[in-house]
Amino acid sequence: MVDVMQRLPVGSGFSSLDDATAAGAEAARAALGALGGAEPGLVIVYGSIRYDLTALLAAVRGVTGATPLVGASTSGQFADGTYVPAGTAVSVMVLGAGVYRFGASVVTGVGADALAAGRELARGAMDAAGGDTTPHSALMVLADGMAGDMQSLLTGIYRVTGARVPVVGGAAGDDRTFSGSYVFFGDQAMRDAAVAVWIGSERPLRVVSGHGWKPKTLPMLVTRVNGMEVEEIDGRPAAAVFTEVISQRTSGEARNFEGAYDGWDTGHSFGLIEPDGTQLIRGAFVGEDGALRTFVPLPEYCAVQFVSADQDDLLNASEEVVDDALRDVSAPAVMLMFSCIARIDLLAVRAGEEAARLHKAAGQVATFGFYTYGEFARSTGVAGYHNATLTAIAL
Amino acid sequence: MSTTAHPPDEAARLREELVAAIAATSDAYRQTSRLIRVLTVLGRPSSPAELVDQTLVVLSQIYAADVAATVRAIGGRLQVTSACGIPEDDPAYTEGWPLAGGAAEALTSARAVARTGAGLDLAVDLPPSMVPLAPGSAVWVPVGEAGAGDELLVMYRVSAGGFPPGDLPVLGSVAARLGLAVEARQRSAAVENLATFGHRLSSRLDLPSIFDEAVKLLPLLVDADEAGIVRIDGEVAYLCASTGTAGLPSPDQPIAVADLVGWAALRSGDIHAGQYQQLGQAGQPDGSDLHGSDLHGSDLHGSDLHGSDLHGSVLHGSVLGVPIMRDGSPNAVLYALRRDHRPFRRDAVESASIFGNYVGAAITNAELYLALGGSESKLRLITDSISDLIAVVDAGGRFVYASPSHDRELAIPPDGLLGTAVTDLVHPADRPAVTAALVRPSGTAKVEYRMRSGRNVWVWVESALRLAPEDGTLVLSSRVIDERRRLEDELRRRATHDPLTELANRALTAERLDLALARGGDGQIGLLFCDLDKFKEVNDRLGHEAGDDLLIQVADRLRTCVRPADLLARFGGDEFVILLDAVDDLDAVTEIGDRVVRALDAPFWLSGELVEISVSVGGVLGACGESQASAMLRDADAAMYAAKNAGRGRVRVFDEDASQHSLGRLELRSDLAQALARDELTIHYQPIVELATRRILGFEALCRWTHPRRGPIPPDEFIPLAEETGAIVGIGEWVLGQACHRLAEWQRLPGNGHLRISVNLSPVQLQQPEAAARTLDVITSAGADPRDVWLEITEHSSIRQDVTDFVTALRGAGVHFALDDFGMAYSNLSHLKRLPVEILKIDKSFVAGLPAKDTDRGIVRAVLAIADSLGLTVVAEGIETEEQHAELLALNCGQGQGYLFSRPVAPAEATELLRARSLLPA
């Protein structure tokens, strides 16, 4: 079946007009126009929270009609080599119908019970796609990551889908204001919610990830955790250990996050040591109260190394992710990508380079993505929530 | 900074070594982290199912396992019981797949088995639906303690990285701990359930609702899908209740007992746990005969359990049968069914066995309750001693003959009766009954009525009527039953009232509360639990008499607080309870609670001084048709404790804080299980004396519990708890052993060779298998002569047939029996004749009324008369004053015990009393 797959028709558009209705309509028209007359199967919308999101979605729907629509608010977007900084624009991608079987669903109450929400979300998406009927499938998930524990959301999804369905996606952004993020479903923008798209396929689907971070310390054990606060590492106050690590930084690898989290040294993160020896990245920052915090609870007694990266490490990793995503995929049309806002901070003035290098590496394949508050890439086992990482799927 | 310069190749070598060292450290950390992370999950509080789920998620994370699952071997197949990585609708959960390959090897060898690459046979090593995942490696690890059985932890990885041999011991340890942790969680859940369920059952007093409740609770207790209960009547059984309805035999449809599932085991009192297949023959409990297609054909799935029945024909799944024994054979059988063939294991069997005991006890209680209501013959013995009145009445209902005894019994000369209509002498209220009896004598067994005596007072008479066929006259054989009626009334009143304050007691309150709650509609019932603060201080300082006086005065004041429809009760001690009929809301309950608090504001005049006392009140609101009496009582009690803790003299209504007290009871219950092992129990001995000489005849052994934090716990609080949990069995045997050992020591003191020991026996102990043999063994092992041991059983337990067997067996070995607390329960005298009891102990509440109260005196006299006629010795309990002593001597009571002679004392003090030879007046 692999070789008989036809190429997925795709089209994207973008608008930075100030008026939500005008911007939505302009971006949607451009995307639909680029589809070349193919029947639309799924609309993906990434928008800045500067817009009246309801008006924005209504305008997009005015163009794309009843085609299922999912999306998220962002902290910047990128498409086909263009970097769209936070707080400026809306990007729309339309995927054609008939090649993949799409099914979209939404769930609220992520904060109250992320595990249950994950189950409901996966069931809904599978049902909307008419069940798990194709030989292969994947799930794209966009979530309000500020609402709840994203790994629990993935664990809930895993209960329903099992190991055969990889998951890709990202947590919505809010132009780095930390005022609250949204996911889009149909004509609604929702908080404390998640949307998912079941992608049924005749050929295998792969989800990939990469980050470019390198371990800077010896392994350590996180010995006490209290929710999002890391209290002890190797039995010592965690904040002190973290500060020591930062103080040893070499020039060029340290950056402070521009915005709400002053103490967030985006140049250093936790790397959870994975069973295969790689690192799962978890951002960390020292809060005003002097406590070391993460954006998702670390498991108590997990083995970690502090990791850091310079700009070239990050950009090289981006290219590797593209290569990995395209490997052994016949007739790919688009790569849906999810990159972390922390990477932009590290890249600083070179922020635009990532989009360009992704585009270049992808060749004829379209690239479309946004800057997230956490990325999903579940391919082995239940673990699949990342920070400061780039994740992707090629369709 | 190092200042030493290294040549370039040296630096490269050092760098390599550093990288290798870091990699090794990472690996070591990861290994350590793995085990600790699993242990952390295992130690976190959660339900058994959550625990398994969370562990599987962590295992998937730390071993990068695409699938982590627990599976169970059932009837030659494997079924997934919980999984991380297998879709929730996968048939691996419901249908399973044949047990073979690595799983079979792991189960057979009871060791972890790992397979990788070509070693992995996709055809047998994984569920069919998982084949497309194409795992490259797998590991199977037996769960639970070595050799425990049929459950495996399974992990699959898509990569062929494999699970290296070094991982296997860690995984073995993880799986073992997981098994134990789940078991421990299940056990504690079962203990909590048993505690709650026992309570719910014991609050039921009629058989149908006990049956309904039992089948509702059993599935929750043993994790079953359905349950039913059948009652055995000789060779047939009848279904009394079940959770399903369709397809089951109707309640009046007999089932031959031989057809009952598991009858072979059940008939001898054993629990039956097994598997059933479609065609209905009993399988082995291990399911080993269930291999093959007949079990796994289409009939297994989607079929309706309600289409099956309990008597062996169309049943499939696992079944658990629990006999409820009486007289050595099953009186009823409880069944639990699981559709999915998971066998019932030891924990479920143990829980079900205890639950069966609860149900049995509840059935016995309900029957006793019934018996009380319909008891005709209860006090027959007393009336036996009274001469009959014989009269002949003509067809018009007039006396044509009256025996001379009429003069003696009714003060009516027989001649004066002739020609008088019988009904003319009958109380107007009783006339219809007597008239009806005269018209249809054959339809009337006996009639009881009031008759005007020659002294112009109403006298209760009972007449049997017999028609003389020749001339149509009636022969009336009558006797005066005044005394009996009064005693019955009194006993009935005592069964429902507190003798000191004349208020309703616990039993009557529970009955009224049940009635009120059963009323339906949307009415609400309030309940106030009132406990006097520092009552004990008053008792200790001013004496028991003053304490009693206070309780009477409090009762009088409380009477002014309640409305006519409310019920005021005393639950014993200083606990008063008010049942508020038809209240609007919790505020109304609080308002009456406040009234109670205010009513006790003014000081009390006691023993010549003014005493201030306050009361803590707990309130609760219940909804008719919804709330349960037992829960309301418990919650009100808890609220009262909350009020007390908040600082006395307050009202609290039930809320979550108060419910902590309920938890306190649970805690007490679990502490009790440890009390014996922790040496917190002691035995005190109270002398039993010959009343005429005050010579010590023996001692009654009384168990005491000093809780490490709460101090002494009263026996009437911890003994029922011990009975509920079954801890009484161990405690009872310990007390008996200690007491017998002590007796043997005392008998070696000069002049004490015939000393006896009395030990209380709980009904629960009597229900243990081999109870008689075990009891005798304890006595003889302690070096005591069985002939010097007196076992005290309560009237309540004496009614059970298995008690008769127990008593008969031990009596044969020389052990003596005393009936304790006589007069407190059902006063079923007929049992006295059936049991080889030699002593009746008159309850202290009757003795307390001596010599002042006529009714008490009457009862004591009646009991002494009955005892005398049956050749029994009477021991009076609770003798506190010289007056009571004198009165009992006057009534010809031979033996007694009480504070007047000695309180219960520690063993050393008891030895001193024996050396002093007798107990002089205090």
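## A bridge to start with

A:Gln77 has its bridge partner, A:Phe370, in strand β23 of chain A. That bridge belongs to an antiparallel pairing, three bridges in total, between β4 (residues 77-79) and β23 (residues 366-372) of chain A. Pairing here asks for at least two DSSP bridges between two strands. Strands are DSSP runs of E, at least two residues long, and helices are runs of H or I, at least four long, each numbered from the N terminus.

Before going on, a word on what you're looking at: this is a predicted model, where local features need pLDDT of at least 70 and side-chain atom pairs count only at pLDDT 80 or more, while totals for chains, interfaces and linings use all residues. Residues are numbered from 1 along each chain as its sequence is written, and chains are lettered from A and ligands numbered from 1 in the order in which they are written.

Zoom out, and β4 and β23 turn up in an open, mixed sheet of six strands in chain A, ordered β5-β4-β23-β22-β26-β13. Its edges are β5 (82-84) and β13 (207-210) of chain A; each has a single partner strand, so one side of each has no neighbour in the sheet. From one strand to the next, the twist averages 15°.

Helix α8 (residues 351-362) of chain A packs on this sheet, touching β4, β5, β22 (334-340) and β23, and makes about 145° with the direction of β5(A). For such angles, axes are lines fitted to C-alpha atoms (for helices, over the stretch in contact), and the angle between N-to-C directions runs from 0 to 180 degrees. Contact means that C-beta atoms, placed from the backbone, lie within 7 Å.

## Another sheet in chain A

Chain A also has an open, mixed sheet of six strands in the order β1-β6-β2-β3-β10-β11. The edge strands, β1 (10-15) and β11 (188-190) of chain A, pair on one side only. Neighbouring strands are turned by 20° on average, direction ignored. β1(A) runs antiparallel to β6 (residues 90-96) of chain A, joined by six bridges; A:Phe14 has A:Ser91 in β6(A) as its bridge partner.

Two helices lie across these strands. Helix α1 (residues 20-34) of chain A covers β1, β2 (40-47) and β6, at about 155° to β1(A). Helix α2 (residues 53-64) of chain A lies across β2, β3 (69-73), β6, β10 (183-185) and β11, at about 155° to β2(A).

## Nonpolar cores

A nonpolar core is a set of buried Ala, Val, Leu, Ile, Met, Phe, Trp, Tyr and Cys residues joined through C-beta atoms within 7 Å. Buried means 20 or more other C-beta atoms within 10 Å of a residue's own, exposed 12 or fewer, and partly exposed in between.

The largest core has 202 residues, and A:Leu139, A:Val183, A:Ala194, A:Ala196 and A:Ala392 touch the most other members. Domain 1 (10-210 + 314-394) and domain 2 (214-308) of chain A both contribute, so this core lies between them; the bounds come from an automatic or database domain assignment. A second, separate core of 74 residues includes B:Phe846 and B:Leu914.

## Where the chains meet

In all, 25 residues of chain A contact 28 residues of chain B. On the chain A side, helix α4 (residues 150-161) supplies the largest share, five residues.
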